[in-house]
Amino acid sequence: MARFLFVSWGGAGNQTPVFGLAAALAARGHDITVAGYPEQRDRFELLGFEFLALPRAQHAWPSTPPDDWMPALVDAVWACPAHLEDIPGLMAGERYDLLVIDCLMFAALAAAETAGIPAVALVHSAPGAMAPPGGGLDHLALPQVNAVRARAGLTPLPTLWDAWRPFTALVTSVPDLDPYDGGLPDGFAFVGPVFEPPRKPQWTSPWATGDHRPLVVASFSTGQAWDQTSRIRRTRDALSDGRYRVLITTGVFTVDPMPGSPDVSLAPYVPHHAVLPEASVMISHAGHGTVAAALSHGVPMVCLPNLAADQPALAHRLAELGAGIVLDGDAATPSDIAGAVSTVLGDAAYRDNARRLAEVIKAAPGTEGIASRLTGLLAVR
């Protein structure tokens, strides 16, 4: 039995690969601990994993939601100096065979690099969508990351990608979804999406068994960085004319159903695996986890991306691949959304292209393949 320490933070889709990999490794008899921020504790303990709050970095997490989450995440997570002490401290107190570190926790990676701690960088989206060299994330975070690296006695990085080079970088995506055409560095291994293990509650359809209208599923970001209320409301308003069965997951946001429209069902949470096999189209913010989930079931998409992170790039990549339509996430009207859904449903090419990508995802190593790779890394040490 090996001991794995996952180092994570409370984003949205970045945690899903941790859930899936940790469960797969635990099923093989390995011991799993997750280190992160206190607001993550309940979710990981609910899944049965030991959770440790990073002793110093936890105090950097905003006590109240900031007006702009991006700089706050740089300070509290992506280039948090406290990780330089927290990571060696965790290793001093316990013996872990391998650390699996979220790829955006650059100070934690620097701590592992400095101390020679065996670690893997878990890249939770297509790298060319999330952090292309010279892109927005480099401009936002690279100066502070290099300042932290200087404190650790490490050389500065030309791009954030270079922080992953000393480690095995496991990319939980497929090359088809990566928009970067400059080529990826050696050592970046695309291993396919990792999904959260099935869990209750399952979804019970509110519609009659014989109702064969197309099922439209809408699911937007569960992260705290963007208010999704407007996207949810505009989608609700767009699809309330009775032509479809519509399921909208609202997450932490509160949106009332449209009066007199029983065809639109709102729910805080529904597992993707419980509803996507029935879906004809998915409306989404185009975060990687949701994109991968929809495509793994061959479901084409209408994308309303938030203007940050990997979402705009992934949305446009889906459009290039013919598996979806991208709209202006902030400005698309209910009429725009309704028209895009009608177009996707009326043109079989969208479904065919989504099904082609489903086969690509199916052929990737996936959760079990990555778990085998992680245990294989232990064998060669």
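This is a predicted model: local features need pLDDT of at least 70, side-chain atom pairs count only at pLDDT 80 or more; totals for chains, interfaces and linings use all residues.
Student: Which residue of E2 stands opposite valine 7?

Tutor: Valine 7 belongs to E1, where Arg3, Leu5 and Val7 point one way and Phe4 and Phe6 point the other. E1 pairs with E2 in the parallel sense, over five bridges. The E2 residue opposite valine 7 is alanine 35.

Student: And is E1 mostly covered or mostly open? How many of its residues are buried?

Tutor: Both sets of side chains, Arg3, Leu5 and Val7 on one side and Phe4 and Phe6 on the other, are buried. That leaves E1 mostly covered, and the count is five of five.

Student: Moving along the sheet, what stands opposite aspartate 102?

Tutor: Aspartate 102 is in strand E4 (residues 98-102), which runs parallel to strand E5 (residues 119-123). Four bridges join E4 to E5. The E5 residue opposite aspartate 102 is leucine 122.

Student: Now H3. Why is this helix described as largely enclosed?

Tutor: Look at what is buried in H3: Trp69, Met70, Ala72, Leu73, Val74, Ala76, Val77 and Trp78. The cover over these buried residues includes helix H4 (83-93), H5 and helix H7 (136-151). H3 is largely enclosed by the rest of the structure because its buried residues number eight of ten.

Student: Which residue caps the N-terminal end of H3?

Tutor: Look for a side-chain oxygen that lies 3.1 Å from the backbone nitrogen of methionine 70. The residue that supplies this oxygen is aspartate 68.

Student: How do H3 and H7 cross, left-handed or right-handed?

Tutor: Their axes come within 10 Å and cross at roughly 35°. The crossing is right-handed.

Student: Who makes that contact, and how many of its residues are nonpolar?

Tutor: From H3 come Met70, Val74, Asp75 and Trp78, and from H7 come Leu137, Leu140, Ala141, Gln144 and Val145. Besides the nonpolar residues there are one polar and one charged. The nonpolar count is seven.

Student: Is glycine 20 buried or exposed?

Tutor: Glycine 20 lies in helix H1. Beyond its neighbours within four places in sequence, glycine 20 is in contact with Val194, Phe195, Glu196, Pro197 and Thr367. Its relative accessibility is 5%, so glycine 20 counts as buried.

Student: How far apart in space are glycine 20 and proline 198?

Tutor: Along the sequence, 178 residues separate glycine 20 and proline 198. In space, C-alpha to C-alpha, the distance is 9.3 Å.

Student: Last one: is aspartate 186 buried or exposed?

Tutor: Aspartate 186 is found in the loop between strand E6 (168-171) and E7. Its relative accessible area is 78%, and the cut-off to pass is over 50%. Aspartate 186 is therefore exposed.

Definitions and conventions
Residues are numbered from 1 along each chain as its sequence is written. Side-chain values use heavy atoms; hydrogens and water are left out. Two strands pair if DSSP finds at least two bridges between them. Helices (H or I, at least four residues) and strands (E, at least two) are DSSP runs, numbered from the N terminus. Buried means under 20% relative accessible area, exposed over 50%, partly exposed in between (1.4 Å probe, protein chains only). Contact means heavy atoms within 4.5 Å. A polar contact is a pair of N or O atoms within 3.5 Å; within protein, one must be able to donate a hydrogen and the other to accept it, and residues adjacent in sequence count only if both atoms are side-chain atoms. Axes are lines fitted to C-alpha atoms, for helices over the stretch in contact, and angles run from 0 to 180 degrees between N-to-C directions. A crossing is left-handed if the near helix is turned anticlockwise from the far one by less than a right angle, and right-handed if clockwise. Ala, Val, Leu, Ile, Met, Phe, Trp, Tyr, Cys and Pro count as nonpolar, Asp, Glu, Lys and Arg as charged, and the others, Gly among them, as polar.
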